[in-house]
Amino acid sequence: MGINIGIRHLRAVIAVADHGTYTAAAQALGVAQSSLSRAVIEAERRVGVRLFERTTRRVEPTVDGRELVEVARRLVAEFDATLAHVEGYVAGTRGAVSVAALPSIAATLLPPVLAAFRRPRPDVSVVVRDGLSGEVLSMLVHGEVDLGLTVAPELPPELVARTVAEDGFAVAVPEGHELAEAAEVPWSALDGRPLVAFDRTSSIRGHTDAAYARVGIRPGPLTEARNVGAVAGLAGGGLGVAVVPGLVLPLVAFAGLVWRPLVEPVVRREVRLVRHRDRPLSRTARELMAALARASTGEVVLPPLVSWSDPADPAETATAPSR
């Protein structure tokens, strides 16, 4: 059987070696001198060698004692560092958290919230995985991430969500385009026009198709793309107008596009914070979830046509409430 010696004994041995007297060592540790003396005697008994010898003025380590003191320093330092990490993990100031989000959310809404979240938690590791709505939900179902941010109105039964923000839709066109002459553009003005559209794998496409059907219009020839940058570039190249939600607007400016809000009707999307119904979250993940839910009370600047939801309504649901 190995030597059975505890962290209390090691701290006592180190303190006596450092301070040279039992009185000073006990004061440094904040314990009674008798308690410290018993800890050192117990350490010597368990190790099986004498660790200290007295001189006229000091207590000095023996040869064996000096060897144990060096080992004790390493063990205590490692123990304290590990304990600090565990304490930080429990307190939510250390550890890791992962978030899956739509690319537009990951690039616009999420960064300022994460920056505010990390400010008092510099040791927390954050992983952001962007993907389409179905990919975000799949990562949550399979436990690959802690939280998700998406606009999916329907969720798998394992997931629950709360609405944290909303955005509206705009038409994005090159400068000088006739639709840019008005302050607002009705959806009906898109009837028959060439359109640069997100393909059917994008959650945006479902919202725009539903709006066309609601208004009773049929856009003209479609040019489809999946990536936001591709849609913007194609619209900027004159292949058609693009209908984009507010969270996407900052990502299309590079293509020289201007935008006008789409009205009659005003169409809004709900941005939802999603988690697994039954899978427990770490303290760090719970802190981030709370930060996202209360972001509306801070000073986070949102893109055009985007607004925070009412933080007073924290209810989680499996599907988006009807509007």
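Modeller: R269 touches V151, A165, E166, D167, F169, S203, I204, H207, P245 and L247, leaving aside residues up to four places away in sequence. This is a predicted model. R269 sits in strand β12, which covers residues 268–276. Is R269 buried or exposed? Its relative accessibility is 1%. The cut-off for buried is under 20%, so R269 counts as buried.

Now take a second residue, A285. A285 lies in helix α10, residues 283–293. Its relative accessibility is 0%, so A285 is buried as well. Which residues does A285 touch, beyond those up to four places away in sequence? They are V97, D146 and L147. Look at the pair A285 and V97. In sequence they are 188 residues apart. In space, their C-alpha atoms are 5.5 Å apart.

Helix α10 also leads us to another helix, α6. The buried residues of α6 pack against α10. Helix α6 runs over residues 110–118, and L110, V113, L114 and F117 are buried there. Down the axis of α6, these buried residues fall within an arc of 100°, so they line one face of the helix. Why does such spacing work? An α-helix has 3.6 residues a turn, so residues three or four places apart point the same way.

Step back to the whole protein chain. It has 10 helices and 13 strands. Its radius of gyration is 31 Å, well over the 20 Å that the globule rule gives for 323 residues, so the chain is more spread out than a compact globule. Its C-alpha atoms fill a box of roughly 100 × 40 × 35 Å along the principal axes.

Buried residues make up 44% of the 323 residues. Take the contacts between residues at least 6 apart in sequence: 76% of them join residues at least 24 apart. The accessible surface comes to about 16,100 Å², and 53% of it belongs to carbon and sulfur atoms. Last, the charges. There are 35 positive and 36 negative ones, and their mean positions are 8 Å apart.

Terms used. Residues are numbered from 1 along each chain as its sequence is written. This is a predicted model: local features need pLDDT of at least 70, side-chain atom pairs count only at pLDDT 80 or more; totals for chains, interfaces and linings use all residues. Side-chain values use heavy atoms; hydrogens and water are left out. Helices (H or I, at least four residues) and strands (E, at least two) are DSSP runs, numbered from the N terminus. Buried means under 20% relative accessible area, exposed over 50%, partly exposed in between (1.4 Å probe, protein chains only). Contact means heavy atoms within 4.5 Å. The arc is that of the directions from the helix axis to the C-beta atoms. The radius of gyration is taken over C-alpha atoms; the globule rule is 2.2 Å times the number of residues to the power 0.38. Accessible areas come from the Shrake-Rupley method with a 1.4 Å probe; for residues, only the protein chains shown count as cover. Lys and Arg count as positive and Asp and Glu as negative; His and the chain ends are not counted. The place of a charge is taken as NZ of Lys, CZ of Arg, CG of Asp or CD of Glu.
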